[in-house]
Amino acid sequence: MLFVLIHASLFKTCPHQKNKSFGHLSKRSKFLWPRTKQLTVAKLSAGASNTDRDSSYSSSKRGEDRAYSEITAANRSLLDRAKKVKSVCIVGATGFVGQQLVTLLAKAGVELTIVTRDVARAKATFGKYERRGYSLQYCQLPSLVLDQDVNFKACLAKKDAVVNLAGAPIAGKRWSEAYKDELISSRVRVTQKIVEMIMSMDKEERPKVLINASAVGYYGVSDSKEFDESSPPGDDFLAVLCRKWESAARQLDQSFGTRVVILRFGIVVGSGGGVLGSMTPIFQMFLGGPVGTGRQWISWIQIMDLVNLIIRSITDENMLGVFNACSPEPVTMNDFCETLGNIIGRPNWLPVPTFVIRAMLGEGSIVVLEGQRVYPSRTLASGFHFQYPNIYSALEASINVS
Ligand SMILES: NC(=O)c1ccc[n+]([C@@H]2O[C@H](COP(=O)([O-])OP(=O)(O)OC[C@H]3O[C@@H](n4cnc5c(N)ncnc54)[C@H](OP(=O)(O)O)[C@@H]3O)[C@@H](O)[C@H]2O)c1
C-alpha cells in the first residue's frame, strides 16, 4: 500500500502528451543502472529551482555572478533574445513553467507584470528578483464574472506580450464534476477574460501578442496514431477542454492587431517540479517503474526549450496560430522510465498496474494511463531549434549526477 501511495505522488504533475530514435534508449539503458551514486537537481537552466537558488546565493554581486554563470552558452543566447523584449504580462506566472519564464525574463531586464490569484504569495515567490533590482509588478486576477476590470485591463495594456499559463492542475486529482468545471473555467474563462479586456482597449493600447498555453491533449489519446498541428481534435474531456481553451484565445482575431500564438505543450521536463519533481524521488528510493501498460506515448518538452519557444513566439512576428510545444522525439512510458532509471542509476522495475491508477483517479487516470504521439511539424518548419530533441539529453540536462 505504501508503495502505491508513493507512486501516486507521481501524478501530482501534468502529463499530457514520429519517433525516429527512441529504440536505442532501451538498449543503452539496460543493465547500466548501478553506475551512479548521487543526484542533485541541475542548475543548468536560468530559472531552475528558484528556492534552492534563493538560499544558495545572496543578493550580493558575487551571488549574481554565480547565477549568471549557471546559464549555459545556449541559454545565454536565449537571454540575449529576451533582452529585445520590453514588457510582458504573465498570467499563471507562479507555476512550474511561469517561474522559469519569469526568471529568464527578469534577468533579461524585461518589465514584468505578474497576474495571480494571490499577490502576497506571488510576492514571496518572486521577491528575490525585486531585491536584486529587477522590475516586477503584481496584479490580482479579477473576478471572472464581472464584465470590466479597470486594474486588470491596465495590467494587460501596452505590453509587448501577454503570456497566459493559468489553469487548475489537471493531473493527480480525481475529477469530480465540480473539479471538471474548475479545470474548464480556470482556463477558458480566464482566457475569455483576457481576450475581452484586450478587445475593449483602444488599438494603440493592445498588447502586440497573446501567447496562450494549450496541451497536446487536444488530439485525444492513441497508442498507434501520430499527430501534428494539422490533425483534428480528439473527443475526450481533455481534448474538448483544449478546444474550448483555444477557441477562447482565437476570438482575438488579427483585425484587433494582437497576434495570437497557441502553444500545445507536451509534458514539461525540467528540474524543480513537474513530472521529474514527482518521479525522481520514487526512482531514487528504488521504487521506480512505468505506469499502466508502459506502451502509452509521452510527448514531452524540456523546460528551457519551452521557455525558448515562448520567447521566440514573442519576438518572431511571423509566428501566428498553433504550434506544438513538444520535442520531435516522443517516447513511450517504458522508454521514459528506462532512461530516467539509467541516468540516475536506479532500476526501472516496479510497474504501477492500470487498475490501481483507475481506482485512485477515476476519469482523471487518462492523463497518465493514455497518451499521444505528437510531432511538432509547424514548430520545426518555423525554424525553431530544439536544444534537447531527445529524452536522454533532456533528462540528463535536468538532472545532475555526481
Ligand atoms: N507542466 C506540464 O507538463 C503541462 C503540460 C501541458 C499543458 N500544461 C499547461 O500549461 C500551463 C502552465 O503549466 P504549469 O505546469 O506551469 O502549471 P502550474 O504549475 O499548475 O501553474 C499554473 C498556474 O495557474 C494558476 N492557477 C491554478 N489554479 C487556478 C485556478 N483555479 N484559476 C486560475 N488560475 C489558476 C496558478 O497561478 P496563481 O496561483 O498565481 O494564480 C498556477 O501557478 C497550465 O495551464 C497547464 O495546464 C502544462
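Leaving aside its neighbours within four places in sequence, which residues is Leu-263 in contact with?

Modeller: A caution before the answer: this is a predicted model. Leu-263 is in contact with Ile-211, Ala-213, Ser-214, Leu-309, Ile-310, Ser-313, Phe-323 and Ala-325, once its neighbours within four places in sequence are left aside.

Now the setting. Leu-263 belongs to the largest nonpolar core, which has 111 residues. Leu-263 is among the residues with the most contacts inside this core, together with Ile-90, Leu-105, Val-269, Leu-306 and Ile-310. Helix H12, residues 303-315, gives the core its largest share, eight residues. In soluble globular proteins, nonpolar side chains tend to be buried together. For scale, the protein has 402 residues, and buried residues make up 50% of them. Its secondary structure comprises 17 helices and 15 strands.

Follow Ile-310 next. Ile-310 touches Leu-263, and Ile-310 is also part of the meeting between H12 and helix H6. H6 covers residues 96-107. The axes of H6 and H12 come within 10 Å and cross at roughly 65°. The crossing is right-handed. From H6 come Val-97, Gln-100, Leu-101 and Leu-104. From H12 come Ile-303, Leu-306, Val-307 and Ile-310. By class, this contact has seven nonpolar residues, one polar residue and no charged residues. An α-helix has 3.6 residues a turn, so residues three or four places apart point the same way.

Go back to the strand side. Strand E8 spans 259-265. The buried residues of helix H10 pack against E8, and also against strand E6 (209-215), helix H9 (177-199) and helix H15 (366-369). Those buried residues are Leu-238, Ala-239, Leu-241, Cys-242, Trp-245, Glu-246, Ala-248 and Ala-249. Note Glu-246 in that list of buried residues. H10 itself runs over residues 237-250 and has 14 residues. From first C-alpha to last, H10 reaches 20 Å, close to the 20 Å expected at 1.5 Å a residue.

H15 holds Val-367. Val-367 counts as buried because 26 other C-beta atoms lie within 10 Å, and the cut-off is 20 or more. Val-367 and Gly-172 are 195 residues apart in sequence, yet their C-alpha atoms are 8.6 Å apart in space.

Thr-332 is buried, with 22 other C-beta atoms within 10 Å. Thr-332 and Arg-295 are 37 residues apart in sequence and 5.4 Å apart, C-alpha to C-alpha. Leaving aside neighbours within four places in sequence, Thr-332 is in contact with Gly-294, Arg-295, Gln-296 and Trp-297.

Last, two backbone points to check. Most residues other than glycine have a negative phi, and most peptide bonds are trans. Lys-158 is not a glycine, but has a positive phi of about 60°. Lys-158 is found in the loop between helix H8 (150-156) and strand E5 (161-164). Lys-158 is partly exposed, with 14 other C-beta atoms within 10 Å. Phe-286 is not a glycine either, and has a positive phi of about 65°. Phe-286 lies in the loop between helix H11 (274-284) and strand E10 (297-298). Phe-286 is exposed, with 12 other C-beta atoms within 10 Å.

Terms used
Residues numbered from 1 in each chain as written. Predicted model: local features only at pLDDT ≥ 70, side-chain atom pairs only at ≥ 80, totals over all residues. Core = buried A, V, L, I, M, F, W, Y, C linked by C-beta atoms within 7 Å. Helix = DSSP H or I, 4+ residues; strand = E, 2+ residues; numbered from the N terminus. Contact = placed C-beta atoms within 7 Å. Axes fitted to C-alpha atoms, helices over the stretch in contact; angles between N-to-C directions. Left-handed = near helix turned anticlockwise from the far one by under 90°. Nonpolar A, V, L, I, M, F, W, Y, C, P; charged D, E, K, R; others polar. Expected span 1.5 Å × (residues − 1).
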